[in-house]
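Subject: Structure for you to look at

Hello,

Here is the structure I promised you. Please open it next to this email and follow along.

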Amino acid sequence: MIVGARRASSATMRAARHEHWGAPLEIVDVARPEPAAGEVRIAVRATSVNPIDMHTGRNAGYEQSMSLPFIPGWDVAGVVDAVGYGVSRHAVGDRVYGLAWFPYPAGTYAEYLTVPAYHLVPTPRSASFAEAACLPMAGLTAWQMLDAVRADAGRHVLISGASGGVGHLAVQLAVARGATATALARPDHHATLRDLGAHTCVDYADSSAVTASEKVDAAIDLVGFEFGVSLFDRVRPGGAIALATAWSVRDYRAAAAQRGIRAISCLVEPDPVALAAIAALVDSGEVRVVVGAEFALSHAADAQRWVTQRRGFGKAAIVVDTTEEA
């Protein structure tokens, strides 16, 4: 329990909010939302931090869809607390998780959240709330990027940023599909990535090693900029590369076409069917989400710093403890 704090009333909830763009997150009491038709209200048990959370906190490129005051976050895992008119797929007490509202504001850094019922599926039975909350955006991003490059059985996939939230899941999802995965990451993360199924690990900072690595059928680039461009030459003609930050690679389609490959810009979207499939892979033991650190809601700013400073492997979770005082 955090000392010297105060509980919100039954009509309000605690949330981590930006009062001004670029300002530190503040823990505030705000009105508890009510579910509209087709929505459920979730008592949030955990959310997780994604790099886009910090971009939106600065309102970097999101001026048309975000407004102040702003509660960040899209990943959610928790318990259905109330249901709106017409909802039949979830009931009060169900344990659910999902990618809420993306790309529109969701505000998962809070004790309660309303979200369209179809964005949610049952949490993996074997996962904690923190683990489940670290899956939606990262897992769906990996899933949809692998789909985009047709990372099917027998194909060889190169994954940059493999020790991050998306990357370590992309390695496992590729292997679960029957593909071979080469992971680009720091050497101190290679052992973990091999344990997760990577066939080959390469130090991303060693340009000669990257250049000497085997060419692949497909690539998942989670880094972008000049490093992302360098990976175009690692893909065999006829292959494809999926880009998480295509905006950082100038004329990426033309650059890819010159090499006889395809380049696809990927933006994640809610997909309950894929989320259910990911949950099944977690429960079967084929996929494991690595929670590198857990933080209380009152330390949401520290969770964001953990991600921006790349302090560890995997994901950072924000755990909402209903006994905690704010």
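Start with T108. You will find T108 in the loop between strand 5 (95-99) and strand 6 (112-116). Keep in mind that this is a predicted model.

Is T108 buried or exposed? T108 is buried, because its relative accessible area is 0%, and buried means under 20%. Now look at what surrounds it. Leaving aside neighbours within four places in sequence, T108 is in contact with V44, T47, P72, G73, W74, D75, V76 and L113. The side chains of T47 and T108 make a polar contact, at 2.8 Å.

Next, strand 1. This strand covers residues 12-17, and five of its six residues are buried, so the rest of the structure largely encloses it. Which strand does it pair with? Strand 1 pairs with strand 2 (residues 26-31). The two run in the antiparallel sense, with six bridges. To see one of these bridges, find A16: its partner in strand 2 is I27. While you are there, a general point about strands. Side chains in a regular strand alternate between the two faces of the sheet.

The largest pocket holds about 1,600 Å³ of space. It is lined by 47 residues, and the closest to its centre are P51, V166, L222, A244 and T245.

Which helix gives the largest share? Helix 3 does, with five residues. By class, the lining of the largest pocket has 27 nonpolar, 15 polar and five charged residues.

The second largest pocket has a volume of about 190 Å³. Its lining includes H18, G22, A23, P24 and L25. M54, G57 and R58 also line this pocket, as do A301, Q304, R305 and T308. Helix 1 and helix 10 each supply at least two residues here. Helix 10 gives the most, with four. By class, the lining of the second largest pocket has five nonpolar, five polar and two charged residues.

Best wishes

Notes
Residues are numbered from 1 along each chain as its sequence is written. This is a predicted model: local features need pLDDT of at least 70, side-chain atom pairs count only at pLDDT 80 or more; totals for chains, interfaces and linings use all residues. Side-chain values use heavy atoms; hydrogens and water are left out. Buried means under 20% relative accessible area, exposed over 50%, partly exposed in between (1.4 Å probe, protein chains only). Two strands pair if DSSP finds at least two bridges between them. A polar contact is a pair of N or O atoms within 3.5 Å; within protein, one must be able to donate a hydrogen and the other to accept it, and residues adjacent in sequence count only if both atoms are side-chain atoms. Contact means heavy atoms within 4.5 Å. On a 1 Å grid over the protein atoms alone, a cavity is a set of points where a 1.4 Å probe fits but cannot get out, and a pocket is an open set with protein on both sides within 12 Å along at least five of seven lines; lining residues have an atom within 4 Å of a point. Grid points are joined across faces, edges and corners, and a volume is the space filled by probe spheres set on the points. Ala, Val, Leu, Ile, Met, Phe, Trp, Tyr, Cys and Pro count as nonpolar, Asp, Glu, Lys and Arg as charged, and the others, Gly among them, as polar.
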